[in-house]
Amino acid sequence: MLKDSKAFSGFSTGDIPKTREFYSATLGLGVTESHGVLTLHLAGGNNVLIYPKPNHAPATFTVLNFPVRDVDLAVDELTRRGVRFEIYDLPGLKTDEKGIMRGNGPAIAWFKDPAGNILCHRTSRNAVTPAHLRR
């Protein structure tokens, strides 16, 4: 029944203007707004909806993964743009001083949007490095 439906994901925020600025200016994504709801326009024609929620509570899991060829390069560039990467020191989940988990599958670096939702960069051989992250 839903096999041919072009499904999309969504998550909430408590502050649409601040969230729009982060995703468009800081991350460099295409963002449109209609009736107070944001649509992120991702590579490959994928879209993600971000909707306002007065009692927003941040997701406690990764809501959006950005595959990149070079996690170090992506972390360095976003750090220059003011993004703070999460540092974890838990059993089975340890990051280095830059916030990158290495040696346990793909390299992954987690960070949060202004609403506290968790996003990440993860190494992928097939990823295309976005123009704003190229050296």
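Me: Which residues are buried in α1?
Reply: Ile16, Thr19, Phe22, Tyr23 and Thr26 are the buried ones in α1. Looking down the axis of α1, these buried residues fall within an arc of 160 degrees, so they line one face of the helix. This is a predicted model, in which local features need pLDDT of at least 70, side-chain atom pairs count only at pLDDT 80 or more, and totals for chains, interfaces and linings use all residues. Residues are numbered from 1 along each chain as its sequence is written, and side-chain values use heavy atoms, with hydrogens and water left out.

Me: What do "buried", "helix" and "arc" mean here?
Reply: Buried means under 20% relative accessible area, exposed means over 50% and partly exposed lies in between, with a 1.4 Å probe and protein chains only. Helices (H or I, at least four residues) and strands (E, at least two) are DSSP runs numbered from the N terminus, and the arc is that of the directions from the helix axis to the C-beta atoms.

Me: What happens at the start of α1, and which residue just after it has a positive phi?
Reply: At the start of α1, a side-chain oxygen of Asp15 comes to within 3.1 Å of the backbone nitrogen of Lys18, whereas just after the helix Gly28 takes a positive phi of about 75 degrees.

Me: Which strands does α1 lie across?
Reply: α1 lies across β1, β2, β3 and β4 (47–52), and runs at about 155 degrees to β2; axes are lines fitted to C-alpha atoms, for helices over the stretch in contact (heavy atoms within 4.5 Å), and angles run from 0 to 180 degrees between N-to-C directions.

Me: In what order do those strands come?
Reply: They form an open sheet of four strands in the order β1-β4-β3-β2, with mixed pairing, and the edge strands, each pairing on one side only, are β1 (9–13) and β2 (30–34). Two strands pair if DSSP finds at least two bridges between them. β2 and β3 (residues 37–41) run antiparallel and are joined by five bridges, with Gly30 standing opposite His41 in β3.

Me: Changing topic, which residues are buried in α2, and what covers them?
Reply: In α2 (residues 71–80), the buried residues are Val71, Leu73, Ala74, Val75, Glu77 and Leu78, and their cover includes α1 (16–26), β5 (62–68), β8 (100–101), β9 (108–112) and β10 (118–123). α2 lies across β5, β8, β9 and β10, running at about 140 degrees to β10.

Me: How are those four strands arranged?
Reply: They make an open sheet in the order β5-β10-β9-β8, again with mixed pairing. β5 and β8 stand at the edges with a single partner strand each, so one side of each has no neighbour in the sheet. β5 and β10 pair in the parallel sense over six bridges, and Thr62 stands opposite Ile118 in β10.

Me: How many aromatic pairs are there?
Reply: There are three aromatic pairs. One of them is Phe22 with Tyr23, whose ring centres are 5.2 Å apart and whose planes are at 90 degrees, so the pair is edge-to-face. Rings of Phe, Tyr and Trp (its six-membered ring) pair if their centres lie within 6.5 Å, and planes under 30 degrees apart count as stacked, over 60 as edge-to-face and the rest as tilted.

Me: How buried are Phe22 and Tyr23?
Reply: Phe22 has a relative accessible area of 9%, and Tyr23 is at 0%.

Definitions and conventions
Polar contact = N/O pair within 3.5 Å; in protein donor to acceptor, adjacent residues only side chain to side chain.
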